[in-house]
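Hello,

Here is the structure I promised to pass on to you. Please open it beside this email and look up each residue as you read.

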Amino acid sequence: MSPRRWHVTRTVLTAANGTTGAGLLLALATRTRIRRGRDGVLIAEGWRLPMPPASCFTVGSVIITRRSAEWLLAGERAALLAHESRHAGQYAVLGPLFWPAYWVACGWSYVATGSFGVRNWFERHAGLRDGGYPEDLPLRPWLQRFRR
């Protein structure tokens, strides 16, 4: 599938499965400003709540950021934008099931390494480096014993 066709498909699927609507409601409820991004994603800028601590997170095809849309769209953050856009693709496939699956993956990663992202399947497939995560951390000692 061509990149253009995938962006359109992703946008339609996240709209149909309700996750983009949830992202827009969250953005509106928290009074962030919604702007059009690239490749079918929307950017909600000015997130002010303390959670999550990341500079960006994605709900459906809405990338929510603490910073401005211009900050996220700047060339030096192309990898971060691509990382968040890959999460939009994950929402397109899983719909609302993304949320429990993602939190289970976060839990496993934290139990295994102390990081919510390093062993999280969704973060790994969105690109750990692109998302600002370390690319690898050792397993906790009690888990290393099982690998032997």
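This is a predicted model: local features need pLDDT of at least 70, side-chain atom pairs count only at pLDDT 80 or more; totals for chains, interfaces and linings use all residues.

**The strands**

With E2 the pairing is parallel, and four bridges join the two strands. With E3 the pairing is antiparallel, again over four bridges. Thr 65 is a handy residue for seeing both pairings: Glu 45 has Thr 65 as its bridge partner in E4, and Cys 56 also stands opposite Thr 65. E3 and E4 form a hairpin with two residues between the strands, and in this hairpin Gly 60 has a positive phi near 65 degrees.

Now find Gly 37, in the loop between E1 and E2. Gly 37 and Val 62 are 25 residues apart along the chain, and their C-alpha atoms are separated by 9.0 Å. Leaving aside residues up to four places away in sequence, Gly 37 touches Leu 42, Ile 43 and Leu 73.

**Salt bridges**

How many salt bridges does a search of the whole structure find? It finds seven. One of them is between Arg 33 and Glu 45, with 3.5 Å between the closest N and O atoms. This pair links distant parts of the chain, since Arg 33 is in strand E1 and Glu 45 is in strand E2, 12 residues apart. Glu 45 counts as buried because its relative accessibility is 9%, under the 20% cut-off. Both residues also belong to a network of salt bridges that links Arg 33, Arg 35, Glu 45 and Glu 70.

Here are two other pairs to look up:

- Arg 77 and Glu 76 meet through their side chains at 3.4 Å, N to O. Glu 76 is exposed, at 63% relative accessibility.
- Arg 129 and Glu 135 meet at 2.4 Å, N to O. Arg 129 is exposed, with a relative accessible area of 61%, and Glu 135 is partly exposed, at 44%.

**Some backbone angles to check**

Most residues other than glycine have a negative phi, and most peptide bonds are trans. With that in mind, a few places deserve a look.

Arg 31 is not a glycine, yet its phi is positive, near 60 degrees. Arg 31 lies in the loop between helix H2 (19–29) and strand E1 (33–36), and is exposed, with a relative accessible area of 69%. Asp 39 is another such case, with a positive phi of about 55 degrees. You will find Asp 39 in the loop between E1 and E2, and it is partly exposed, at 43% relative accessible area.

Which residues are joined by a cis peptide bond? They are Met 51 and Pro 52, where omega is about -10 degrees. Pro 52 sits in the loop between strand E2 (42–45) and strand E3 (56–59).

**A helix and a surface patch**

Helix H4 runs over residues 78–94, which makes 17 residues. From its first C-alpha to its last, H4 reaches 25 Å, close to the 24 Å expected at 1.5 Å a residue. Its buried residues include Leu 80, Leu 81, His 87, Ala 88 and Tyr 91. Just after H4 comes Gly 95, with a positive phi of about 60 degrees.

Finally, turn the model to find Trp 108, Val 111, Trp 142 and Phe 146. They form a nonpolar patch on the surface, and together they have about 470 Å² of accessible area. Helix H5 (98–113) and helix H7 (141–147) are the elements that give two or more residues to this patch. Val 111 is in helix H5 and counts as partly exposed, at 39% relative accessibility.

Enjoy exploring, and write back with any questions.

Best wishes

Terms used: Residues are numbered from 1 along each chain as its sequence is written. Side-chain values use heavy atoms; hydrogens and water are left out. Patches are made of residues with over 30% relative accessible area and no salt bridge: like charges are joined within 9 Å, nonpolar side chains (Val, Leu, Ile, Met, Phe, Trp, Tyr) within 5 Å. Accessible areas come from the Shrake-Rupley method with a 1.4 Å probe; for residues, only the protein chains shown count as cover. A salt bridge is a side-chain nitrogen of Lys or Arg within 4 Å of a carboxyl oxygen of Asp or Glu. Buried means under 20% relative accessible area, exposed over 50%, partly exposed in between (1.4 Å probe, protein chains only). The expected span of a helix is 1.5 Å times one less than its number of residues. Contact means heavy atoms within 4.5 Å. Two strands pair if DSSP finds at least two bridges between them.
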